[in-house]
Amino acid sequence: MKRTAIVFLFCLLVSNFAFATGEIFLVDAGGLQYDILTDVTTSSGSTCSTWTTWSSWLTSVCWWTTWSTTLTSGTTSWTTFTSGTTCSTTWTSSSTTTSSCWWASIMASGQADEASYTHTVSASTVGGGMVPQMHMGDAFDRYNMVSLRRNLIDVRYAYNGPASVEAGGRQIVFPTQTFDTLEFSRKVFVPENDEFCRWMNIVTNTGVNPELVVLVIDGDLGSDNNTLIMDTSNGNTTAETDDIWLVTMQDFDGKITSHNPRLGHVIQGPDAAVGASSVFLENNSDQTKWEYEFVLAPGETGIIMNFVTGQPTIEGARQKAILLSQPAGVALDYMTPEEKSAVLNFQLTSDALLTVNSAIVLAAVGVAWLAVLRRRKNCRAA
Ligand SMILES: [Ca+2]
Ligand SMILES: [Ca+2]
Ligand SMILES: [Ca+2]
């Protein structure tokens with residue numbers, strides 16, 4: 001009877017978390033439909049016997065209370081998880097003092113859970129051939145999850161409430177989550193007239209001292225252990241910190257088809273103030289991780305921006321990634337002048353500076369015109 005009650009409570013608990021997470025579907029100009037998660041309060045996980053099994057999952061949360069205790073404390077317990085009881089390597093099985101435990105690889109608000117084409121496309125093969133009329137989908141299992149590293153622990157951006165939309169529903173605006181003296185939020189944009197998804201990861205230092213920010217963006221590709229790096233911006237097929245973009249696909253080896261969209265991951269721009277401090281992407285692994293480290297002065301806001309493009313062909317992914325690495329036009333749509341000037345990992349020149357500096361230019365023209373008027377007045381007086 002007691003066991004039945006625990007199972008019931010567990011199911012109730014999991015279903016409650018699942019209900020809280022929402023999703024917004026956005027289709028780009030190429031017909032690729034992105035599934036963006038909002039108000040994430042879900043995790044992928046299961047029961048565990050020891051903590052040490054999962055101790056390397058720095059982005060996981062664990063709890064060691066009995067189910068009844070967790071359920072009684074409701075959402076309060078989750079608040080506790082996100083503010084510090086994340087699994088760390090210092091935990092051992094001796095931490096568990098009760099009979100039940102559960103581990104969870106916690107997801108993040110604003111992650112792309114999936115991307116699939118709404119229509120058939122002609123896809124390129126590993127060898128350069130073409131497959132006509134293919135149904136392409138399963139771009140991601142989880143993509144562009146995000147954490148801030150606090151005291152060596154990666155704390156997820158999650159459990160932060162519902163999102164809203166702007167830009168005619170094309171940009172999802174996520175709420176602010178506080179990490180000590182840092183405030184963090186996200187905006188995710190998919191245009192109807194171009195082919196990409198853009199993330200703005202927005203951090204503000206609300207403290208009185210300069211603050212080191214370590215932003216961790218991790219993901220899981222749909223290509224699983226058939227992931228192949230087809231190209232990177234510095235000319236090889238190895239992911240490195242100086243790579244601006246990376247192109248991946250799902251290998252045909254061992255499969256009849258490779259039906260995942262070919263992906264161009266754009267992680268930074270050339271000559272940017274802040275580059276990636278760590279990049280992980282390997283063949284035969286679906287795991288992705290890009291990290292950025294930077295210092296924010298008191299009151300300063302910094303934005304780490306990422307793009308991904310899904311394309312039917314490798315060449316399409318490569319060409320779009322090259323364009324997005326120096327973002328202009330649609331790639332900067334629905335960004336405020338303040339947001340453009342806060343971007344750290346791309347050097348925004350033409351578009352951004354034009355907008356940011358237009359007020360300065362107008363002011364300068366005004367001052368010059370006043371000087372001309374004054375000189376004319378002086379001439380007349382003379
Ligand atoms: Ca998937
Ligand atoms: Ca996967
Ligand atoms: Ca490379």
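Which residues does Val 279 touch, not counting residues up to four places away in sequence?

Author: Keep in mind that this is a predicted model. Val 279 touches Ala 239, Glu 240, Thr 241, Asp 243, Ile 267 and Trp 290, once you leave out residues up to four places away in sequence. As for where it sits, Val 279 is part of strand β20, which covers residues 276–280. Val 279 counts as buried because it has 21 C-beta neighbours inside 10 Å, and the cut-off for that label is 20 or more.

Asn 284 has a positive phi, near 65°, and it isn't a glycine. It has 13 other C-beta atoms within 10 Å, so it is partly exposed. For another residue of this kind, look at Asp 180, in the loop between β13 (177–179) and β14 (182–189). Asp 180 is again a residue other than glycine with a positive phi, here near 55°. Its 13 C-beta neighbours inside 10 Å are why Asp 180 counts as partly exposed.

Of the 382 residues, 41% are buried. If you take contacts with a separation of 6 or more, 69% of them join residues 24 or more positions apart. The largest nonpolar core has 77 residues, and the ones that touch the most other members are Tyr 34, Cys 197, Leu 215, Val 247 and Ile 303. Cys 197, for instance, touches Tyr 34, Ala 112, Val 188, Val 190, Phe 307 and Val 308, again not counting residues up to four places away in sequence.

Before you set anything up with these coordinates, a word on confidence. Mean pLDDT for the chain is 78, with 68% of residues at 70 or more. Residues 48–103 have pLDDT below 50, although the model gives this stretch 94 contacts beyond near neighbours in sequence. Residues 356–363 also stay under 50, and there the model has three contacts beyond four places in sequence.

Technical notes
Residues numbered from 1 in each chain as written. Chains lettered and ligands numbered in written order. Predicted model: local features only at pLDDT ≥ 70, side-chain atom pairs only at ≥ 80, totals over all residues. Buried ≥ 20, exposed ≤ 12 C-beta atoms within 10 Å, placed from the backbone. Contact = placed C-beta atoms within 7 Å. Helix = DSSP H or I, 4+ residues; strand = E, 2+ residues; numbered from the N terminus. pLDDT = per-residue confidence, 0-100. Core = buried A, V, L, I, M, F, W, Y, C linked by C-beta atoms within 7 Å.
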